[in-house]
Amino acid sequence: MNPTPTPPATADDDGSLDPQQAAALLDQTTQQARRQFAFSPPLLSVLRAAVVLGAFGGIWLSVHAQHPYRGPSSGALTIAYVLAGLVIGASAAAMRRATAGVSGAAQRKRWVGITVMLVAWAVVYVFMAALDHAGAGSAVVFGLYPATAPLMILGLVGAADAAGREDWLATGSLLSMGVVSAAAAFGGPVDAWLVMAIGLCAVFLGTAAVTAWQQRRSLVRP
Amino acid sequence: MTSDELDPLIHVPTRLKIVATLAALPDGDALSFTRLQDMIGLTPGNLIIHLRKLEEADYLSSEKTGNGAASRTTVALTSRGRAALDAYTKALRDLLGGVSLGPDDPERRRT
């Protein structure tokens, strides 16, 4: 984009913009607004990519030499919970920033979607407790299931919600999360963690790249 | 096509910024006056003048809730305002399609 200086904001009707200046101002303002209203900015997606790599990769390191499978070590789980807390905190801060002063039907729908996703996530762990109660083996209860089911359900529920809002980037990203999680289950209780680490890292990095491209996309120039 | 054919209501720096900012929100969402003011960087008086002109043309709607210090004003782009911005963007695109790019334009340097 041509780096035309932004004309000063005045209260009068000074229509001194030529088309090039108008195009530059329109693109600059739109890009700034897109960044400020972004629920999931590119840097947050990069952080998510690093966290899934660290958390799932750490758990895989703690289980990959286990024979028989006993489950993730408490150290690896602690690191995973701390990293998850970091992402949740960063996501909440990004949401607060994006929604400050914003109201309306689309906002309400988004919050309803987030609430449904959180409930779905909690339900996944209730079912995990039911599996344990029913006597399922530790390879399932503490391996395959927690490695894949929570993010698979979260991804699929989130994708349905995002599709309802016609947010196609979020739909693609969340659907990919569900697909990667389902595919990871074929890795078994040990390698599922590794497939999740690499697969989700790739999904989040791809999301970051597409988000950055969308935010910079010009309205005027093809 | 000439620049005279661009919508004069939008073809003013401040109002172009207001409309472009509100258009970045999903359809049906509104923005508080104070956040819009922060984002545009205008004094309240100046912003009100421009908002009034856009509201008179039915390009945006405003709503005030509460009383006194707790009152809150929100503004949203109407479907007419969104259509006007779309038409303005298309007109700009058509205009620039026939204009050669300047020497500092990265699009030109790339070719």
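## Helix α3 of chain A

A:G101, whose phi is positive, near 80°, follows helix α3(A), where helices (H or I, at least four residues) and strands (E, at least two) are DSSP runs numbered from the N terminus. This is a predicted model, in which local features need pLDDT of at least 70, side-chain atom pairs count only at pLDDT 80 or more, and totals for chains, interfaces and linings use all residues. Residues are numbered from 1 along each chain as its sequence is written, while chains are lettered from A and ligands numbered from 1 in the order in which they are written.

The 26 residues of α3(A), residues 74–99, should span 38 Å at 1.5 Å a residue, and the end C-alpha atoms are 37 Å apart, which agrees; the expected span is 1.5 Å times one less than the number of residues. The buried residues of this helix are A:A76, A:A80 and A:L83, a residue being buried if 20 or more other C-beta atoms, placed from the backbone, lie within 10 Å of its own, exposed if 12 or fewer, and partly exposed in between. Their cover includes α2 (42–63) of chain A.

## Overall form of chain A

Chain A has seven helices and one strand, arranged along the sequence as α-α-α-β-α-α-α-α. Its radius of gyration is 22 Å, well over the 17 Å that the globule rule gives for 222 residues, so chain A is more spread out than a compact globule; the radius is taken over C-alpha atoms, and the rule is 2.2 Å times the number of residues to the power 0.38. The C-alpha trace of chain A spans about 75 × 35 × 25 Å along its principal axes, and 33% of the 222 residues count as buried.

## Strands of chain B

Strand β3(B), residues 72–77, runs antiparallel to β1(B), residues 29–32, with two bridges joining them, and B:S32 has B:T74 as its bridge partner in β3(B). Strands count as paired if DSSP finds at least two bridges between them. Six bridges link β3(B) with β2(B), residues 60–65, again in the antiparallel sense, and here B:T65 is partnered by B:R72. The hairpin formed by β2(B) and β3(B) has six residues between the strands, with B:G66 in the turn showing a positive phi of about 80°.

Leaving out residues up to four places away in sequence, B:V19 touches B:I10, B:Y59, B:L77, B:G81 and B:L85, contact requiring C-beta atoms, placed from the backbone, within 7 Å.

## Confidence

The model scores ipTM 0.83 and pTM 0.82. For chain B the mean pLDDT (the predictor's confidence in each residue, from 0 to 100) is 85, and 84% of its residues reach 70 or more. Over residues 100–111 of chain B, pLDDT stays under 50, and the model has eight contacts beyond four places in sequence for them. Where pLDDT is low, the predicted coordinates should not be read in detail.

Key. Two residues are in contact if their C-beta atoms, placed from the backbone, lie within 7 Å.
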